[in-house]
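Hello,

Here is the structure you asked about. My notes follow below it.

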Amino acid sequence: MTGEPDLSPARLRHARSAIAAVFCAHGAVTGSFATRIPWIQDHAQLSAGTLGLALAFPALGAALAMPLAGRINHRFGAGAALRALLALWTLSLVLPSLAPNLPALCCALFVYGATSGMSDVAMNALGVETENRLGRSIMSSLHGMWSMGALLGSAAGTVAAHAGADARLHHLIAALALTAAGLVAVRGVLDLRSDQEAQAPPHFALPPKSALFIGAIGFCAVFAEGASLDWSAVYLRDVLHTDAGLAAASTTAFALTMAVARLAGDRVVDRFGPVRTVRAGGVLATAGGLLVVTVRHPGAALAGFGLIGLGIAVVVPLAFAAAARSGPAPAQAIAGVATITYTSGLIAPSAIGAVADATSLVVSFGLVTLLAFALVVGAAVLRQKPASAASEADRDETAEIRP
């Protein structure tokens, strides 16, 4: 990257705060949408099955659009690309609530997911560039800010839903407010530009080989996250026969544990490094999974889900950081890892349900425990290395589709 007129400590601190605000705004859109899904379902007159079909389209849109983010970054520069992509994402919040039927909702959610994925890649790439210039870890706390934004968005959405507000009005107000906040925040980020003599990334590219192993680690963490968020309450209710209030508390506790761990994770990463941090996290998550599947008591299950959240919290931020340093095209590598992790988030809830139907929820969380242990085994792929260490062979094996 070029175009670095001011990298003073004060400027870097301001840029770090600005990119953190961007992550928060991005998360707030997700929280705002999630709380109004029941209203959207009723408005479009969907059954549970057709709603499930529609909810696959955000991940599909993200997976197809994220590889384009590297080209956009190269063409317009990091600041301008993030400004445009973040605004498209925040404004796309209004689309799902306007959809009157299933086809319209699928199209709206495809756009929603595509803009989410591209802005996600852009902000993570710029987050890593900011981290590199600061000389200390910030990616964990940036993702913690995303989690805080999601919590704030969901809190506002809960208030709106409780008041009986029309989701179209709620999402219009939220979209305008978050767009304004995002545009203000982006003004403070590092406006880095690619070397104009460097070859532009392809319009579309499959993930480079260097990103595949890193993405596999992210896959394990996101699978455990999706399974725990969507099924922990069901586990307490159906397996341990708790009341609805205690069952719901497991989901809230898991989300809060992840948010707090991410906000505090940078100090741990700076002290112990990404490999030892992820290995230790894998041990905690594995212990949590074993508590869930072996000790049939609500207290043990709550503690187990908390340990899973604590153990996997920093894995995805570290995977993005490792991907950005794995080769000469950071945005492309991040897009590859993000595509893999989005896929994991898509299949985890249904995979857990399928295994539970065939066997039991206990067996399903046994699978989660095995994936948590895979973090211990595979953490070495996150070892930091200079981008120049990426081999020429790795670049040659990156599949490209050029016009």
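Is Arg168 buried, partly exposed or exposed? Arg168 is partly exposed, with a relative accessible area of 37%. Buried means under 20% relative accessible area, exposed over 50%, and partly exposed in between (1.4 Å probe, protein chains only).

This is a predicted model: local features need pLDDT of at least 70, side-chain atom pairs count only at pLDDT 80 or more, and totals for chains, interfaces and linings use all residues. Residues are numbered from 1 along each chain as its sequence is written, and side-chain values use heavy atoms, leaving out hydrogens and water.

Overall: the protein has 403 residues, and 53% of them count as buried. It holds 17 helices and two strands (DSSP runs, numbered from the N terminus: helices are H or I, at least four residues; strands are E, at least two).

Salt bridges: there are four (a side-chain nitrogen of Lys or Arg within 4 Å of a carboxyl oxygen of Asp or Glu).

- Arg168 pairs with Asp166, with the closest N and O atoms 2.8 Å apart. Asp166 is partly exposed at 28%.
- Arg133 meets Glu129 at 2.6 Å, N to O. Both lie in helix H8 (residues 102-134), four residues apart, about one turn of the helix. Arg133 is partly exposed at 22%, whereas Glu129 is buried at 11%.
- Arg237 meets Asp238 at 2.7 Å, N to O. Arg237 is partly exposed at 46%, and Asp238 is partly exposed at 40%.

Helix H13 (residues 298-312): its buried residues include Phe305, Ile308 and Ile312.

Best wishes
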